[in-house]
Amino acid sequence: MSEKALAYLSENRDRLLQKLNEFLSIPSVSTDSVHKEDVSKAGSFLETYLTETGFENIQQIETKKHPIVYAEYTKAGPDAPTVLLYGHYDVQPVDPIELWKSDPFKPEVRDGRLFARGSSDDKGQVFMHLAVFEAMMKTEGKLPLNVRVCLEGEEEIGSENLYSILQEKKDLFQADFAVISDSGMVAKNQPTILYGLKGFTGVEITVSGPDHDLHSGMYGGAVRNPIMALSHILASMKDEDEVVTVDGFYDGVEGLTDEERQLIEQVPSEDFVRATGITETVSEKGYTAKEHTMARPTFEVNGIYGGYQGEGTKTIIPTSATAKITCRLVPGQEPDRIQEALEAHVKKVAPTGVTVEVKKEKLSAKAYKVEPNHPLIQKAAHSYTKAFGKETVYVRMGGSIPVVEWIEDIYNIPIVLLGFGTPDDRLHSPNESFPLDSYDKGMETLVYYWNEIK
């Protein structure tokens, strides 16, 4: 089946690429209500394509904002495994539009890359799956396994309604395992198994002092400065060795095994100094930069503001100051418990003379990890290597994909992250693109993978 499907993809490459361009031309920006009809149009494109391919029970499940496109293929029979395929068809806004070298919704190929908003995140990768299913159906008249498709239109606005739909319609989406292609590889043409994701949570700390800005000459020495108080709180939460000093922060966190450290060491790493313009890397004591970014929890201040921000000097004691904090979590850390630990620490160290409010981030997610030696992961690695001609590396990512944790929580099934993007794709930025190498070899990988699973 693999050779026939691969031949079909090769022979129909131009037509399929044109079909992808049609999909990418739809400005399905979920964040902007102006594009509500465009998001619906993108959903209808998928509905039509799934119908043409031979899927059944195709429907758009309505939500409070944008629909979820559902479809299923059950003709492989009760003895064949069932996969839940997740992806999203909404895209980020294009701003600032003046930085694009070509129209973000008029796909253009330059230097071996397909430039368009959504080309990598996630329309291009969603389309690859559908094109592979088309190739298999057209050459064999069947798929080697049962498939349930879940393509949402709200990922770029936090998947606001997905969790409740997955819960309410659990039987509809039930599967033996899930596959998600909304991620990437550590380098172009370097097949990468993403076997772990960090969780996410955060808080916002606001320190309030006087009920209006005060003259610092008249009141300095009598009134606590909220910015100084906030600085004291923040400085107490992490030391110079990048170790978080909040009680209970590391409770339940397992150390890295020698085997996992070897896996991480084998992963090609970007040159952090060159890529970011810093003078040197800093990591948690006892861990390398790669180990910390991939497999250890982090605590970061994302923003801090208060007082006068204009040109020159304004001699005041400001009325308040605020800091936004987020933490990336690893297995063993519960978002709610981390938020409680952060709040308790803030209250413990807060200076007198001010009031402190801690606002907890609503959007949180637990970390996810699957064992690298799981059979589904090993088959994915073998398929990657066969298509790309290079040994697959194993990576835990510092980012978070909440839907991964939700699927594990609701369905308790393994999740395979089969991503084909590259670090140069410029996700969420002007001039987003996707390498045609990844497009071609990625579909080859999928052909091999679906045939290995049967």
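# Helix packing and selected residues in a predicted model

Arg13, Leu16, Leu17 and Leu20 of helix 2 are in contact with Leu436, Tyr439 and Asp440 of helix 15. Sorted by class, the residues of this contact between helix 2 and helix 15 are 5 nonpolar, no polar and 2 charged. The structure described here is a predicted model.

A pair of packed helices is described by the angle between their axes and by the distance between those axes. Helix 2 covers residues 13–24 and helix 15 covers residues 436–453; the two pack at an angle of about 115°, and their axes are 13 Å apart. Angles of 65 to 115 degrees count as roughly perpendicular, and helix 2 and helix 15 are therefore described as roughly perpendicular to each other. The crossing of helix 2 past helix 15 is right-handed.

Helix 2 also packs against helix 3, which comprises residues 36–53. The axes of helix 2 and helix 3 come within 10 Å and cross at roughly 150°. An angle over 145 degrees counts as roughly antiparallel, so helix 2 is roughly antiparallel to helix 3. On the side of helix 2, this contact involves Leu16, Lys19, Glu22 and Phe23; on the side of helix 3, it involves Ala42, Phe45, Leu46, Tyr49 and Glu52. The contact of helix 2 with helix 3 contains 6 nonpolar, no polar and 3 charged residues. Leu16 of helix 2 meets residues of helix 15 and also meets residues of helix 3.

Helix 15 has a further partner in helix 4. Helix 4 and helix 15 pack at an angle of about 55°, with 9 Å between their axes. Helix 4 and helix 15 are therefore oblique to each other, and their crossing is right-handed. Helix 4 contributes Phe127, Met128, His129, Ala131, Val132, Phe133 and Met136 to the contact, while helix 15 contributes Ser438, Tyr439, Gly442, Met443, Leu446, Val447, Trp450 and Asn451. By class, the contact of helix 4 with helix 15 has 11 nonpolar, 4 polar and no charged residues. Tyr439 of helix 15 takes part in the contact with helix 4 and in the contact with helix 2.

Ser119 lies in the loop between strand 5 (113–115) and helix 4 (123–140). Is Ser119 buried or exposed? A residue counts as buried under 20% relative accessible area; Ser119, at 1% relative accessibility, is therefore buried. Leaving aside residues up to four places away in sequence, Ser119 touches Leu24, Leu114, Gly124, Gln125, Glu432, Ser433 and Phe434. Asp122 is also placed in the loop between strand 5 and helix 4. The peptide bond joining Asp121 and Asp122 is cis, with omega about 0°. Another cis peptide bond joins Asp95 and Pro96, with omega about -5°; Pro96 lies in the loop between strand 3 (82–88) and strand 4 (108–110).

Backbone angles also mark out other residues. Asp111, in the loop between strand 4 and strand 5, has a phi near 55°, which is a positive value in a residue other than glycine. Asp111 is exposed, with a relative accessible area of 79%. Arg426 is located in the loop between strand 17 (415–417) and strand 18 (433–435). Although Arg426 is not a glycine, its phi is positive, about 55°. With a relative accessible area of 46%, Arg426 is partly exposed.

Attention now turns to helix 14. Because 7 of the 10 residues of helix 14 (residues 402–411) are buried, this helix is largely enclosed by the rest of the structure. Its buried residues are Val403, Val404, Glu405, Trp406, Ile407, Ile410 and Tyr411. Asn412 follows helix 14 and has a positive phi near 50°.

His345 belongs to helix 12 (residues 335–349) and counts as buried at 6% relative accessibility. Not counting residues up to four places away in sequence, His345 touches Ser236, Met237, Thr245 and Val246. Ser364 lies in the loop between strand 14 (355–360) and strand 15 (368–369). With residues up to four places away in sequence not counted, Ser364 touches Phe200, Thr201, Pro335 and Gln339. The side chains of Ser364 and Thr201 are joined by a polar contact of 2.8 Å. Ser364 and Thr326 are 38 residues apart in sequence, and their C-alpha atoms are 9.9 Å apart in space.

Key:
Residues numbered from 1 in each chain as written. Predicted model: local features only at pLDDT ≥ 70, side-chain atom pairs only at ≥ 80, totals over all residues. Heavy atoms only, no water. Axes fitted to C-alpha atoms, helices over the stretch in contact; angles between N-to-C directions. Helix = DSSP H or I, 4+ residues; strand = E, 2+ residues; numbered from the N terminus. Parallel < 35°, antiparallel > 145°, perpendicular 65-115°, else oblique. Left-handed = near helix turned anticlockwise from the far one by under 90°. Contact = heavy atoms within 4.5 Å. Nonpolar A, V, L, I, M, F, W, Y, C, P; charged D, E, K, R; others polar. Buried < 20%, exposed > 50% of the residue type's maximum accessible area, 1.4 Å probe, protein only. Polar contact = N/O pair within 3.5 Å; in protein donor to acceptor, adjacent residues only side chain to side chain.
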